[in-house]
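Subject: Model handover

Hello,

Please look it over first; my notes follow below.

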Amino acid sequence: MVGTAYSVRDRLKGFLYMLGISFLVWLALTRSLEAQEVLVGAAICLVFSLLLNTHYIRLGLPPLTVKRAAFFAVYLVVLLWEIMKANLDVAYRVVHPRMPIKPGVVVIKTALTSDIAKMILANSITLTPGTFTLDVIGDRLLIHWINVKAESVEEATDLIGERFEKYLRVIFQ
Amino acid sequence: MRRLISLLLLLIVALGIFLCFSGASFGAEGASRAGKLTEDKVNFGRRYASRGLEENKAGNIVASVVVNYRGFDTLGEVTVLFIAAVGLAAILHARREEATPSKAEPASLIVFTGCRFLFPLILLLGAYIFIHGHLTPGGGFQGGAVVASGFLLIYLGCRGRGLRSAGVAVAESLSGLAFLAVALVGLAVGGSFLLNFLPKGSAFALFSGGVIPLIYVAIGFKVGSELGGIIDNLSGEAR
C-alpha cells in the first residue's frame, strides 16, 4: 500500500476533488461569504488538499463531468424515494398482525469496480430499511434481507442492487 | 553534570514560586484585605461579563475568559493533558516491547473507504471549531477532540496504517511552544504574561480578539496531536 506511485493526472484529480469538497463543507459550516472567512477557508482547504490528497486518490473518483453530476443529483432523489418506499414496506410488515417477514442473508453481485462506488452502493442498500449490507468482498455484497424474495444471486441482484446500480454505473464507470 | 543542571533549574523554579507567593497573603489576613477592595475587582464574573467584550473584542466571552483572563490556568490544563499523554506513552511503550506483534484483520471496504473519504472533512470540522473559538461555542479543546476523533476513525478504518508519528510529535511540540511564546511576548511587550498585545479588530469578525484566536489554534493543534498520539499509542498496542 505504501510507496505506490500515482500519475500526475491522478494526483491532480484527487487534489481538485478534495479542494472542492472541503471548500463546500467549509462554506456550509461558516454559512458566510465574508472575505475573511472565505480567505481563511480557502487557505486551510488548500493546505489540507496538499497534505492529504492521497486519501482521495485511492477512492477511485471518476473525472467530473456535467453528465455525472446530473446523474448523481438524480441518484439522490431516487435514493430518497426508495428509502420512503422501503420505510412504508417495513412499517406494513411491523403492524401487520401476522408479521409477514422472512429474514435471511443473500449474496448479490455488482459490476462496480471503484471503492467509492461500492461504498455508496453498500450504504444505499443499508439506508433503505429492510436490507442491510453486512460486508463487501470483491464484487459480491453480503446482504441481510428482512423478507427474502429470491435466493439466487441473479434474482437478488435484480431486486436489491439494480435499482441503485444502474445510476451508479453511469456515474462511476 | 546533568544532576547539577536539574538542581539549578529546580532552584530557579523554587525561587520563582517563592517570589510569587511572598507578596501574597493567605487565610484570614488575605480575606480581610480582599474585602477592602472594591466590589468590581473582587466580583470577577460580573467584571468579565460587563467589560470583556470591549477589552478583548472577542465575541464569545467564554473564550475571552478561558484564553485571556484565565489563560494561565488553561496553560496548566494543557500541561496536565501533556503529562497524561507522556505517562500513557511511557507505560504502553514499556509493554509493547514485550508483546509479540500480531497482524490486525483489515476493516471492511465500507468502513475503509468511508473513513478515507471522511477523515480530511473531520479534520476540517475540527479546524473550523478551533479557528472560530472566539466567536462561537467551542474552541481549542473541542476542536482538538474532533481532530483526534478523525485519528480514531483512521485507527478503526485503516488498521495497520500508523500515523506519521514524527509529524504529530512536531505539531505537538510546536503548538505548545507557540502558546508559551505568545504568552511571553505579552510579558515582554506590556509587562504581563498573556497580555493581549495584538490589534483587536472589531468584535464578531473572524480577525478579532487579538491573541485569543492564535492561542486557540495552538491549543487545538496541541490537544489534537496529543489525543491523536494517545490513540496512536493504543493502536500500536493493539497491533
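Of the 239 residues of chain B, 33% count as buried. Buried means that 20 or more other C-beta atoms lie within 10 Å of the residue's own; exposed means 12 or fewer, and partly exposed is in between, with C-beta atoms placed from the backbone.

Some housekeeping. This is a predicted model: local features need pLDDT of at least 70, side-chain atom pairs count only at pLDDT 80 or more, and totals for chains, interfaces and linings use all residues. Residues are numbered from 1 along each chain as its sequence is written, while chains are lettered from A and ligands numbered from 1 in the order in which they are written.

Chain B

Chain B has ten helices and zero strands. Helices (H or I, at least four residues) and strands (E, at least two) are DSSP runs, numbered from the N terminus. Of the contacts in chain B with a separation of 6 or more, 73% join residues 24 or more positions apart. A contact means C-beta atoms, placed from the backbone, within 7 Å.

α8(B) has 18 residues and reaches 26 Å from its first C-alpha to its last. That is close to the 26 Å expected at 1.5 Å a residue, where the expected span is 1.5 Å times one less than the number of residues. Buried residues in α8(B) include B:G140, B:G143, B:G144, B:V147 and B:F151.

Helix α4 (residues 44–56) of chain B and α5(B) have axes that come within 10 Å and cross at roughly 80°. Axes are lines fitted to C-alpha atoms, for helices over the stretch in contact, and angles run from 0 to 180 degrees between N-to-C directions. That makes α4(B) roughly perpendicular to α5(B), a label for angles of 65 to 115 degrees. On the α4(B) side, B:Y48, B:A49, B:G52, B:L53 and B:N56 meet B:I61, B:S64, B:V65, B:N68 and B:Y69 in α5(B).

B:K57 sits in the loop between α4 and α5 of chain B. Its phi is near 55°, a positive value in a residue other than glycine. B:K57 counts as buried, with 21 C-beta neighbours inside 10 Å.

Cores

A nonpolar core is a set of buried Ala, Val, Leu, Ile, Met, Phe, Trp, Tyr and Cys residues joined through C-beta atoms within 7 Å. The largest has 40 residues, and B:I212, B:I215, B:Y216 and B:I219 touch the most other members. Elements giving two or more residues to this core include α2 (35–57) of chain A and α10 (211–238) of chain B. α10(B) gives the most, with eleven residues. Apart from this core lies another, of 27 residues, among them A:I108, A:L112, A:L121 and A:L141.

Chain A

Three strands of chain A form an open antiparallel sheet in the order β1-β3-β2. Strands pair if DSSP finds at least two bridges between them. β1 (104–109) and β2 (131–137) of chain A stand at the edges, each with a single partner strand, so one side of each is left without a neighbour in the sheet. Neighbouring strands are turned by 25° against each other on average, direction ignored.

Six bridges join β2(A) to β3 (residues 140–145) of chain A. The bridge partner of A:T131 in β3(A) is A:W145. Helix α4 (residues 115–127) of chain A lies across β2 and β3 of chain A, running at about 155° to β2(A).

A:M99 lies in the loop between α3 (66–95) and β1 of chain A. Phi of A:M99 is near 45°, positive in a residue other than glycine. A:M99 is exposed, with 8 other C-beta atoms within 10 Å.

Best wishes

Note on methods. Two residues are in contact if their C-beta atoms, placed from the backbone, lie within 7 Å. Angles under 35 degrees count as roughly parallel, over 145 as roughly antiparallel, 65 to 115 as roughly perpendicular and the rest as oblique.
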